[in-house]
Amino acid sequence: MQAFLKYTKNTLIPPTTTLSLIGVAIIWGGTFIAGRQLADSSPPLLSAFIRFFIASIVLAFCLPPQQKNLNVAQKIRVLFLGTFGIFLYNICFFYGLQHISASRASLIVSINPAVIALSAFLFMQEKLSPMKLAGIAACLIGASAIILNKDPSAIIANSTTWKGDLLILGCVISWVTYSVFSRPLIREIGSINAVFYSVLTGTILLFFAVLINGDLTLKNLLNLGIVQIICLFFLGIFGSALAYVWYYKGIEKIGATRAGVYIALVPLFAVIFGQVILHEPINIIMIIGGLLVLIGIVLCNKG
């Protein structure tokens, strides 16, 4: 505990911010397990719509009692963030997985911290020191080691993977946009409001996508068992509403670059949950990869 407090003091990060961002990684690590339970029982777009529909309802109850009307500029930014961070991210992710494996997709998504840092440097004037670069590199190497050790074939490309690769790169661009360009809006209307309005926008767009795709049917809804319903509520309440608010609060406190590196913890927690719940093996390479991720986060957040 003393070491943790010393680290927090040196990095000028409130302990609650550090703990909440670690909580985000834990929750998003658990979403992989929930996603696997839904994969064979529900169309992906339908699952995404239900997830964020639940999140919208939960966030609506968390809004401050007195709401100010958004001005035109704020509405445009909300539409921008909801389109990229919720709608396009899910479209690219689910259709990308039709062409490549989940491991290869995870490997591509693991570059998020590096792209967030570069984008924040270029567009938001966030500092990018050599120590931050070293930390981001350690996170990338650690996350890649965890993913590739679990599935070495993830790095192998063929004549059909390019479609999936481009779509998953679309996920990266969407999430980087959602992370980097959110901070001004968060400062103006608060993190809960920013998440609610962006999630609501993305949910409405996903609703039309599900309708057009023909997935919103009574048969598909009745195919959901109790396990799948529990998973959807976990994804909606914890994986979307709570985790997104904590993530945006982290961006508000320490910026997109320093908050973004905590995403590198997601593969580590996904592996841990896979071992505990699905009894998937963990070996020394995965442990070393996890340690590299932790070292990278410490380096990136050094004061």
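Which residues line the second largest pocket? I started from this because I wanted the lining before the volumes, and the model I am reading is a predicted one, in which local features need pLDDT of at least 70, side-chain atom pairs count only at pLDDT 80 or more, and totals for chains, interfaces and linings use all residues. Residues are numbered from 1 along each chain as its sequence is written, and side-chain values use heavy atoms, with hydrogens and water left out.

**Entry 1, second largest pocket.** I find its lining made up of P64, Q66, Q67, K68, N69, L70, Q74, E188, I189 and N193. A pocket here is an open set of points, on a 1 Å grid over the protein atoms alone, with protein on both sides within 12 Å along at least five of seven lines, while a cavity is a set where a 1.4 Å probe fits but cannot get out; lining residues have an atom within 4 Å of a point. I noted a volume of about 160 Å³ for this pocket, a volume being the space filled by probe spheres set on the points, which are joined across faces, edges and corners. By class I have three nonpolar, five polar and two charged residues in the lining, where Ala, Val, Leu, Ile, Met, Phe, Trp, Tyr, Cys and Pro count as nonpolar, Asp, Glu, Lys and Arg as charged, and the others, Gly among them, as polar.

Helices are DSSP runs (H or I, at least four residues), numbered from the N terminus.

I find one cavity of 30 Å³ or more, and the largest cavity holds about 30 Å³ of space. Its lining consists of L21, V24, A25, W28, Y247, A259, Y262, I263 and V266, which I class as nine nonpolar, no polar and no charged. Both α2 (15-39) and α12 (226-260) supply at least two of the lining residues, and the largest share, four residues, comes from α2.

I checked the span of α14 (residues 284-300), whose 17 residues reach 24 Å from first C-alpha to last, close to the 24 Å expected at 1.5 Å a residue, the expected span being 1.5 Å times one less than the number of residues. I list M286, G289, G290, V293, G296, I297 and C300 as its buried residues, buried meaning under 20% relative accessible area, exposed over 50% and partly exposed in between (1.4 Å probe, protein chains only). Seen down the axis of α14, these buried residues fall within an arc of 120°, so they line one face of the helix; the arc is that of the directions from the helix axis to the C-beta atoms.
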